[in-house]
Amino acid sequence: MTAPLRLSREAILAFRRRVQALDERLPAGPRSLQRAAWAGLQDSVPRSALHSLHARVAGVRPDSWEDPALVQVWGPRHAAYVVPADAHAAFTLARMPDSGRLPARARAIADRAAKHLHGGRQTADVVARSVGIGNDIRYASLTGTILIRWAGARQPVIWAVQTPRGTSAGALQELVRRYLHVYGPSSMESFVRWGGLDARRAAVAFSALGEELLAARTPLGDAWLLAADAATIPSTAADTETARLLPSGDPYYLLWNADRALLVPDRKRRAVLWTTRVWPGALLLGGEIVGTWRRSKVSVTISPWRRLHQDELRRVEDEAATLPIPDTSGPIVVRWER
């Protein structure tokens, strides 16, 4: 049996930043957008997925989240997600239980919705009322046959697509691969929490991947990573001066429990970043989370946790100036909150 790969906090965070293109942006284009959304980009806070794309891909515009390379779905924990268009089954069908009443119920809801839509598009509340579904309309997403477009206000528009090829078990295995590539090394328990999934099904999926997975020993204990990723994990963290404004729910800090302590060791700072309500954005600077930020139209308020040097202030302000903000005019104004 191969001994677990021992990884330091610095090596883990450097690997995650690299695979998430947070140290150096990907070139503009559809393939880069799909790579940036490899494990999904949460979009429950209006246009947070757009800002996650901006942090990872060059040339992102206010409408880049609508690129044909991407689609929107009700994904993990039924939250709105922007995901690769050719892999939406991994974020929808993967979550379909393999027993109980829910599979039949979800398919019945999806069938009724598709019949009502008749190839067209309507808002989710109109469809739900018309076929007597109510809030259960989101269960239709488990079939992989319902896509959404939510612009951040009012109800999302929904439409029906063909049933994805493959099984829910196969889709779940693909979701594990995507999760571990972006969030790895990580535990099965963290995967279950992230996806709002059944622990038994997750255990079966992890087991089915077999030699695709490699055991790792981290400061938090035992974890898994993709064997194909092991050779790309740096032995030491390279210096970086990059500044990024990560939005609420960004994959880099969409974490719970002890995983948060690995990213932000200071308990008091964790309470500021992961609040009980809507999370603020995270300021990533020099490879560490060093503050939070919030935006109101063209006003960006940044609250650093330490004193920033003049060149650091400049890098952060330069980054803020490039934020793609839809439906606004005028330059972005940065306000520093001490």
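**A helix, its cover and a neighbouring sheet**

Tutor: Helix H1 is followed by Ala21, whose phi is positive, near 55 degrees; helices (H or I, at least four residues) and strands (E, at least two) are DSSP runs numbered from the N terminus. This is a predicted model, in which local features need pLDDT of at least 70 and side-chain atom pairs count only at pLDDT 80 or more, while totals for chains, interfaces and linings use all residues. Residues are numbered from 1 along each chain as its sequence is written, and side-chain values use heavy atoms, with hydrogens and water left out.

H1 spans residues 9–19 and is mostly covered, 9 of its 11 residues being buried (under 20% relative accessible area, with a 1.4 Å probe and protein chains only).

S11 and S12 lead us to an open sheet of 5 strands, ordered S10-S11-S12-S13-S14 with mixed pairing (two strands pair if DSSP finds at least two bridges between them). S10 (243–246) and S14 (333–336) stand at its edges with a single partner strand each, so one side of each is left without a neighbour in the sheet. Neighbouring strands are turned by 30 degrees against each other on average, direction ignored, with axes fitted as lines to C-alpha atoms. Within this sheet, S12 (residues 288–296) pairs with S13 (residues 299–304) in the antiparallel sense over 6 bridges, and Gly291 stands opposite Pro304 in S13.

How values were computed: Axes fitted to C-alpha atoms, helices over the stretch in contact; angles between N-to-C directions. Buried < 20%, exposed > 50% of the residue type's maximum accessible area, 1.4 Å probe, protein only.
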